[in-house]
Amino acid sequence: MTKKIGFIGVGNMAEAIMKGVIGAGLYTADEIIASEVYEPRRKYIADTLGIEVHKDNQAIAKSTKFIVLSVKPQQIDEVLTSIKSSLTKNHLVMSIAAGITISTLESYVPACRVVRVMPNQPCMVLASASAFSRGTNATSEDCAKVDSVLKAVGISLEVKEYLLDAVTGLSGSGPAYAYMMIEALSDGGVLMGLPRDISTKLAAQTLLGAAKTILETGEHPGKMKDIVCSPGGTSIQAVRVLEDCGLRSALINAVEASAMRSKELGKE
């Protein structure tokens, strides 16, 4: 075993995690190995990050004890079938495949230590909200290793596995909801006369600032909303409109729909 961590699949999420762990000094490029079926992507990762990239997944299983499965849920069967003969109890497998349960993963590699992870897309800017669950054989040391990788690209929380579908619906899909809100707020600014570039920057910074306020103060978002809304003022008028339009219900229903789809993925 010549490498400290290996990635099977080098899509955007894997690339972001690799950049994060290198930037945090957790691993050097020389300590990372990866595999990818798409040749142009292999070349891109090798050229930009200096990482050894192979076409064959077996090279990963034979080169490192810590494997990150960063493939689509529909590819899990093919990938694990191709490498299971090379995996042992000494291997730690960290899966970021949405909806694929620990029991499914362990059915392919029963001897391995498995940790299931749900990161999200802002890991590309080191602002991910990730959650993970440990498998049957995973140790506290394994979880600490996974936690350190996830913290290199954002925040990391351990949860029971039955909650990961909810995590998927909330933080996994959540960036899409936030981007839609930024776009809509920007449209509102344009409607009222702001140039598009200024409107979008103000909208994005507003959501960023509000989120940072909650994370750094630990205050309930309802309390902070009340602070913004002075009696008879502009903000409470706007909040009334959002309530009339069902903003809260729409977001709650969106989280539920995404979580239910995550459950379905695990059964397909």
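Modeller: Happy to. Let's start at Asp147: leaving aside its neighbours within four places in sequence, Asp147 is in contact with Phe132 and Ser156. Contact here means heavy atoms within 4.5 Å.

Colleague: Before we go on, what kind of model is this, and how are residues numbered?

Modeller: This is a predicted model, where local features need pLDDT of at least 70 and side-chain atom pairs count only at pLDDT 80 or more, while totals for chains, interfaces and linings use all residues. Residues are numbered from 1 along each chain as its sequence is written, and side-chain values use heavy atoms, with hydrogens and water left out.

Colleague: Thanks. Which helix holds Asp147, and is the residue buried or exposed?

Modeller: Asp147 sits in helix H6. Its relative accessibility is 17%, so Asp147 counts as buried. Buried means under 20% relative accessible area, exposed means over 50%, and partly exposed is in between (1.4 Å probe, protein chains only). Helices (H or I, at least four residues) and strands (E, at least two) are DSSP runs, numbered from the N terminus.

Colleague: What about the strands E7 and E8, how do they run?

Modeller: E7 and strand E8 (residues 154-158) run parallel, joined by 5 bridges. Strands count as paired if DSSP finds at least two bridges between them. One of the bridges pairs Ala129 with Ile155 in E8. Between E7 and E8 the chain passes through helix H6 (residues 140-151), a β-α-β crossover that is right-handed. Right-handed means that, with the strands pointing away from the viewer, the path from the first strand over the helix to the second runs clockwise.

Colleague: How many salt bridges does the structure hold?

Modeller: The structure holds 18. Among them, Glu216 and Lys212 meet through their side chains at 3.9 Å, N to O. Glu216 and Lys212 are 4 residues apart in helix H9 (residues 196-217), which means about one helical turn separates them. Glu216 is exposed at 59% relative accessible area, whereas Lys212 counts as partly exposed at 48%.

Colleague: What about Glu264 and Arg261?

Modeller: Their side chains also form a salt bridge, at 3.1 Å, N to O. Glu264 and Arg261 are 3 residues apart in helix H12 (residues 247-265), so they too are separated by about one helical turn. Glu264 counts as partly exposed at 42% relative accessibility, and Arg261 as partly exposed at 36%.

Colleague: Which residues are linked in a network of salt bridges?

Modeller: Arg116, Glu161, Asp165 and Lys263 are.

Colleague: Changing topic: what is the phi of Leu126?

Modeller: Phi of Leu126 is near 60°, a positive value in a residue other than glycine. For context, most residues other than glycine have a negative phi. Leu126 belongs to the loop between strand E6 (113-118) and strand E7 (128-134), and is exposed at 53% relative accessible area.

Colleague: And which residues form a nonpolar patch on the surface?

Modeller: Met181, Leu242 and Leu247 do, with about 220 Å² of accessible area together. Patches are made of residues with over 30% relative accessible area and no salt bridge, where like charges are joined within 9 Å and nonpolar side chains (Val, Leu, Ile, Met, Phe, Trp, Tyr) within 5 Å. Accessible areas come from the Shrake-Rupley method with a 1.4 Å probe, and for residues only the protein chains shown count as cover. Leu242 is in helix H11 (residues 234-244) and counts as partly exposed at 43% relative accessibility.

Colleague: Last one: how many helices and strands does the chain have?

Modeller: The chain has 12 helices and 8 strands. Of its 268 residues, 40% count as buried.

Terms used
A salt bridge is a side-chain nitrogen of Lys or Arg within 4 Å of a carboxyl oxygen of Asp or Glu.
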